[in-house]
Amino acid sequence: MTAETSVEGRIVPVWGAVEGYDALLLARRAREHNGPVLHIARDDASTARLADFLAYMADDVETLRFPAWDCLPYDRVSPNPALVAERVATLTRLLEPANGKPRLILTTVAAVVQRVSPRATFEGQSITVKQGESLDQELLIELLVANGYTRTDTVMEAGEFATRGGIFDLYPAGAAEPVRLDLFGDEVENIRAFDPGTQRSTGKLQELTLRPVSEFSLDSESISRFRTGWRDVFGPAAAQDPLYEHVSDGRRYPGLEHWLPLFHTSLETLFDYMPKASISLDYQAEDVLKGRLEMIEDHYQARRQPVREGETPYRALPPQLLYLDEKGWDAAMGRVPVVAFSPFAKPDGAEGMDVGGRPGKMF
């Protein structure tokens, strides 16, 4: 499957891309394409399966995952912090040069239709700590808090940090394990990965890259933007909402991520982070898209229903601020080469190419 397989502006079917063989096709596509390859899977299960295959058979390809939030549209709860950290780690990695390997990004329909923080949010926000260098702990703590990290007594999840004496524990975004910095005064003596369950070291590192773990920050500028945007959209009377009061005080609130557009001048899409990417679609991805867009509209309309007297209404942002619509999806698909995988053999007279994959026998 070469770059000539797809024609910009239309989706070309690739037949015979059965489960398992599709991972080989993606690895080959990443090696051939001059730029990143974005594969949009049906769901998280498909993404996890592909990631496992690629880790086994294509270690020469840099594979990044961009998961969707694990909560419903317009929910009252926040997404899992580990998922948010992985999303942000991928976005910041996309702003950095490739490490010499072909780059492949695995995502889902639900993730790609959701708008994301603009690239300017993460540019220049990564911090590198090296063994033997000096480290200003107070400055590091300020930077971590500003970039979404949470201070705890014991580090267990991504986005947490803890300090005690000359030991600085933190769980960086996108890392498999937390990391412990052993300090002698301001000098970094050792950098060690450790098991969060046993707190025992698992290996030494020479350097550590810290990336943001939140899709927005609660600094003075973002709080000001939020307050102004909130009043513009919902009116001055909505300033009595507990969520608005929490943000005004610089505090996080459950489900605050669903008002992400108010923290930025505007949001972007995953496509904006890699405008020259080659795109491939999982089997039935467009059917999943239709269902997802219907779900978003249904949840938005449900949130607009009147509430009982005394209850705080859920002030939902219009869907177009948070999500792509069908036109936005079509526009993204129309500006880059796109192929659509199908596990079936090519029917007579059908467009596209048959790569020859066939399901194995079931015994």
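1. Ground rules. This is a predicted model, in which local features need pLDDT of at least 70 and side-chain atom pairs count only at pLDDT 80 or more, while totals for chains, interfaces and linings use all residues. Residues are numbered from 1 along each chain as its sequence is written, and side-chain values use heavy atoms, with hydrogens and water left out.

2. The cores. A nonpolar core here is a set of buried Ala, Val, Leu, Ile, Met, Phe, Trp, Tyr and Cys residues joined through side-chain atoms within 4.5 Å. Buried means under 20% relative accessible area, exposed over 50%, and partly exposed in between, with a 1.4 Å probe and protein chains only. The largest nonpolar core has 35 residues, and Leu38, Ile40, Phe271, Ile279, Leu281 and Met333 have the most contacts inside it. Apart from it lies another core, of 24 residues, among them Ala158, Tyr171, Leu181 and Val213.

3. Phe271 up close. Leaving aside residues up to four places away in sequence, Phe271 touches Leu38, Ile40, Val112, Ile279, Leu324, Ala332, Met333 and Arg335. Contact means heavy atoms within 4.5 Å.

4. Helices H1 and H2. Helices (H or I, at least four residues) and strands (E, at least two) are DSSP runs, numbered from the N terminus. H1 (residues 21–32) packs on H2 (residues 44–57) at an angle of about 65 degrees, with the axes 9 Å apart. Those axes are lines fitted to C-alpha atoms, for helices over the stretch in contact, and angles run from 0 to 180 degrees between N-to-C directions. On the H1 side the contact is made by Asp22, Ala23, Leu24, Leu26, Ala27 and Arg31, and on the H2 side by Arg49, Leu50, Phe53, Leu54 and Met57.

5. Aromatic pairs. How many aromatic pairs does the structure hold? There are 12 aromatic pairs, where rings of Phe, Tyr and Trp (its six-membered ring) pair if their centres lie within 6.5 Å, and planes under 30 degrees apart count as stacked, over 60 as edge-to-face and the rest as tilted. Trp230 and Phe234 are edge-to-face, at 4.8 Å centre to centre and 65 degrees between the planes. Both lie in helix H6 (residues 220–234), 4 residues apart, about one turn of the helix. Trp230 is buried, with a relative accessible area of 0%.

6. A pair between loops. Trp259 and Tyr314 form a tilted pair, 5.0 Å centre to centre with 35 degrees between the planes. Trp259 sits in the loop between H7 (242–248) and H8 (270–273), and Tyr314 in the loop between H9 (285–303) and H10 (319–322), so the pair ties together parts that are 55 residues apart in sequence. Trp259 is buried at 5% relative accessibility, and Tyr314 is buried at 8%.

7. Positive phi. Tyr74 has a positive phi of about 60 degrees; Tyr74 lies in the loop between strand E3 (62–66) and helix H3 (81–94) and is buried at 1% relative accessibility. Gln199 has a positive phi of about 65 degrees; Gln199 is in the loop between strands E10 (187–194) and E11 (201–205) and is partly exposed at 26%.

8. Ala162. This residue of strand E7 (residues 160–164) is buried at 1% relative accessibility.
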